[in-house]
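The following exercises are to be worked through with the sequence and the model side by side. Each task is followed by a solution in steps.

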Amino acid sequence: MTELNDVKKNLEDLSFEEQLQRLEEIVEILDDGEAALDEMLALYEEGMQRSQHCREYLEKAEQKITLIQNS
């Protein structure tokens, strides 16, 4: 549970670019297929959380752009 709390904390602390970098690291590890199943499941869950966070960040950025264009 501590690891999930750490991921949630990092979601708030890391920049968008840092989130993407971590996602790339996760994908490389999962593609490698050398990790244990439990580790791969934890990484998959972390990746899904980071992906959702990045998607929300992009949606907010898009909304800001729309507001700027319409003002």
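**Exercise 1. Overall architecture**

The protein has 3 helices and 0 strands. The model is a predicted one.

Task: State what pattern the protein follows along the sequence, and what percentage of its residues count as buried.

Solution.
- Step 1. Reading along the sequence gives the pattern α-α-α.
- Step 2. The chain holds 71 residues, and 18% of them count as buried.
- Step 3. The accessible surface amounts to about 5800 Å². Carbon and sulfur atoms account for 52% of that surface.
- Step 4. Consider the contacts between residues at least 6 apart in sequence: 68% of these join residues at least 24 apart.

**Exercise 2. The salt bridges**

Task: Determine how many salt bridges the protein has, and which residues they join into one network.

Solution.
- Step 1. As a general principle, side chains of opposite charge can pair when their charged atoms come close. The cut-off applied here is a side-chain nitrogen of Lys or Arg within 4 Å of a carboxyl oxygen of Asp or Glu. By this rule the count is 3 salt bridges.
- Step 2. Begin with Arg 22 and Glu 25, whose side chains form a salt bridge with an N to O distance of 3.3 Å. Arg 22 and Glu 25 are separated by about one helical turn because they are 3 residues apart in helix 2. Arg 22 has 21% relative accessibility and therefore counts as partly exposed; Glu 25, at 35%, also counts as partly exposed.
- Step 3. Turn to the salt bridge between the side chains of Arg 22 and Glu 46, at 2.8 Å from N to O. This pair links distant parts of the chain, with Arg 22 in helix 2 and Glu 46 in helix 3 (residues 37–70), 24 residues apart. Because its relative accessibility is 10%, Glu 46 counts as buried.
- Step 4. The side chains of Glu 46 and Arg 50 also meet in a salt bridge, at 2.8 Å from N to O. Both residues belong to helix 3 and lie 4 residues apart, about one turn of the helix. Glu 46 and Arg 50 are both buried.
- Step 5. Through shared partners, the salt bridges join Arg 22, Glu 25, Glu 46 and Arg 50 into one network.

**Exercise 3. The surroundings of Phe 16**

Task: Decide whether Phe 16 counts as buried or exposed, and identify which residues it contacts beyond its neighbours within four places in sequence.

Solution.
- Step 1. Locate Phe 16 in helix 2.
- Step 2. Buried means under 20% relative accessible area. Phe 16 has 18% relative accessibility, so it counts as buried.
- Step 3. With neighbours within four places in sequence left aside, Phe 16 is in contact with Cys 54, Tyr 57 and Leu 58.
- Step 4. For Phe 16 and Cys 54, the C-alpha atoms are 6.5 Å apart, although 38 residues separate the two along the chain.

**Exercise 4. A charged patch**

Task: Identify which residues gather in a patch of negative charge on the surface, and state whether Glu 28 counts as buried or exposed.

Solution.
- Step 1. The patch of negative charge consists of Glu 24, Glu 28, Asp 31, Asp 32 and Glu 34.
- Step 2. Glu 28 is part of helix 2, which covers residues 16–32.
- Step 3. Exposed means over 50% relative accessible area. Glu 28 stands at 59% relative accessibility and therefore counts as exposed.

How values were computed
Residues numbered from 1 in each chain as written. Predicted model: local features only at pLDDT ≥ 70, side-chain atom pairs only at ≥ 80, totals over all residues. Heavy atoms only, no water. Patch = residues over 30% accessible without salt bridge, like charges linked within 9 Å, V, L, I, M, F, W, Y side chains within 5 Å. Areas by Shrake-Rupley, 256 points an atom, 1.4 Å probe, with all protein chains shown as cover. Lys, Arg positive; Asp, Glu negative; His and termini not counted. Charge placed at Lys NZ, Arg CZ, Asp CG, Glu CD. Helix = DSSP H or I, 4+ residues; strand = E, 2+ residues; numbered from the N terminus. Buried < 20%, exposed > 50% of the residue type's maximum accessible area, 1.4 Å probe, protein only. Contact = heavy atoms within 4.5 Å.
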